[in-house]
Amino acid sequence: MFRDAGVTPDCAASLVTNGKGRITCLDPEVIKQYSKHGPRNDMGCLVPRHGAEFTNKRTCKESNTDFEVVQAKDGQEYLFLNFIHPGAHHELRISIDEHDMWLVAADGDFVKPKKVQAFNLNMGDRISVLVPLDKKVGDYAIRLASLSTEQVIQGLSILRYPNQPDARDKHGVMLAPTSTSHINLVGDMISNSIAMDELTDLSPFPARQPPATSDTTLRFMANQTSPSTWVLASEPHQGFRQQMPPILWNEESRGPTTFSGLKNGSVVDIIYENGAYAMHPFHKHNHKAFIIGRGEGYFIWPDVATALKKAPENFNMIDPPLRDGARLSAGPGSWTVIRYTITFPAMSMLHCHRIAHFAGGQQIVLVEGGDTMPPAPDYIKHLTHSEFVPPLRYGPLD
Ligand SMILES: [Cu+2]
């Protein structure tokens, strides 16, 4: 459907936590309040940008399944919660009704603690928080609001104080908490509560500083080149390359989405620029990278050294976050810069975590430290393999 009609799979029935959740249909009047991007159906979804004429009509059907309940133990003063986003389209803003959260770790590494009432969790992200249990004993909603313009949708689970029973109605249906939210349905902050800022609030702890200079700069423009094609390089990454002999010893398998020449021990800058409307959660495998800068209006400088002189306000070279991924904001001209050191040789994937973008070709391969990789032993080349040679067509999903 996505390949042939360009329909992005972005209209979800529900957002679940640990596999549990409920389909809650929104009041049409409520949906109307969020119509600045166009009319929405009763699932809160916009008409697809491409291929709407090929889609079936979907309607919202309520369900009464249980919510996930996270219950504190007797005597606990804090709950330590790890949030992991294994989803495929919706960036989330997460908040716990009436409670503060202390951000304490990102992608498995400690960060300088910061008190917030909400944080963003993008695809592939891991964020850990400590929640002080200092409110009246009871049930409080843990809310996940989608930040995608394509759909207004919120997931709900329950933070429960010790020794509290399930609250159910006479039909046995678990009741949603009646607590007061810090965020609205699209994740905007209500009143003067604070949301995490990805560039300033996730400083590594203990402190670590990015290298002051870099050896290599790679520039990538994220773009949509057809309804079902998304790129980072000059071409979409072609899925059939995974069936070809490994690029480790076969140059012909590489194609236009493989980048080599990055020396072991060197420092690399990657400049992501946005050429189209969508937000991209990029994930660089193997090495964590410092997210040192971001801005709007395209990256108009030849490299980071020049940008640091001309626009230092766009950079954090003191205590930037050290993450597995990096977010490129929606809209043409947005840019994000990461800096990392190649500490071991690897054939490394870098890709967008939105499934339609990933499948549509938004992937590249970095040959990192290729200069120190020993040649592949001969016996490896003769292990079980296929001699199938796919037709070298150009296009995603082939
Ligand atoms: Cu993307």
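Which residue in β17 is the bridge partner of F282? In this predicted model, where local features need pLDDT of at least 70, side-chain atom pairs count only at pLDDT 80 or more, and totals for chains, interfaces and linings use all residues, that partner is A326. Residues are numbered from 1 along each chain as its sequence is written.

Strands here are DSSP runs of E with at least two residues, helices are runs of H or I with at least four, and both are numbered from the N terminus. β14 (residues 280–284) and β17 (residues 325–328) pair in the antiparallel sense over 4 bridges, pairing being called when DSSP finds at least two bridges between two strands. β14 also pairs with β19 (residues 346–352), again antiparallel, over 3 bridges, and there K284 stands opposite L350. As for burial, a residue is buried if 20 or more other C-beta atoms lie within 10 Å of its own, exposed if 12 or fewer, and partly exposed in between, with C-beta atoms placed from the backbone. On that count 5 of the 5 residues of β14 are buried, so the strand is largely enclosed by the rest of the structure. In a regular strand the side chains alternate between the two faces of the sheet. In β14 both faces are covered, with H280, F282 and K284 buried on one side and P281 and H283 buried on the other.

Stepping back to the whole chain, there are 5 helices and 20 strands. The radius of gyration is 23 Å, close to the 21 Å that the globule rule gives for 398 residues, so the chain is as compact as a globular protein of that length. That radius is taken over C-alpha atoms, and the rule is 2.2 Å times the number of residues to the power 0.38. Along the principal axes, the C-alpha atoms fill a box of roughly 70 × 50 × 45 Å. Of the 398 residues, 36% count as buried.

The domain assignment, whose bounds come from an automatic or database source, gives domain 1 (2–160) and domain 2 (216–381). Their C-alpha centres lie 28 Å apart, and the contact takes 17 residues from domain 1 and 17 residues from domain 2. The side of domain 1 that touches domain 2 has 5 nonpolar, 7 polar and 5 charged residues; here Ala, Val, Leu, Ile, Met, Phe, Trp, Tyr, Cys and Pro count as nonpolar, Asp, Glu, Lys and Arg as charged, and the others, Gly among them, as polar.

The UniProt record, an unreviewed entry, puts the annotation "domain: Plastocyanin-like" on residues 45–161 and 257–367. Positions from that record follow the numbering used here, feature names are shortened, and annotations may be inferred rather than shown by experiment. Residues 45–161 are 0% helix and 46% strand, with end C-alpha atoms 35 Å apart. For residues 257–367 the figures are 11% helix and 45% strand, with the ends 11 Å apart.

V186 sits between β9 (154–160) and β10 (216–226) and counts as partly exposed, with 18 C-beta neighbours inside 10 Å. Leaving aside residues up to four places away in sequence, V186 touches Y34, A145 and V152. P206 is in the loop between β9 and β10 as well, and the peptide bond from F205 to P206 is cis, with omega near 0°.

Two residues other than glycine have positive phi. D107, with phi near 50°, lies in the loop between β4 (101–106) and β5 (109–116) and is partly exposed, with 18 C-beta neighbours inside 10 Å. Y298, with phi of about 65°, lies between β15 (289–295) and α3 (304–310) and is partly exposed too, with 14 such neighbours.

Definitions and conventions:
Contact = placed C-beta atoms within 7 Å.
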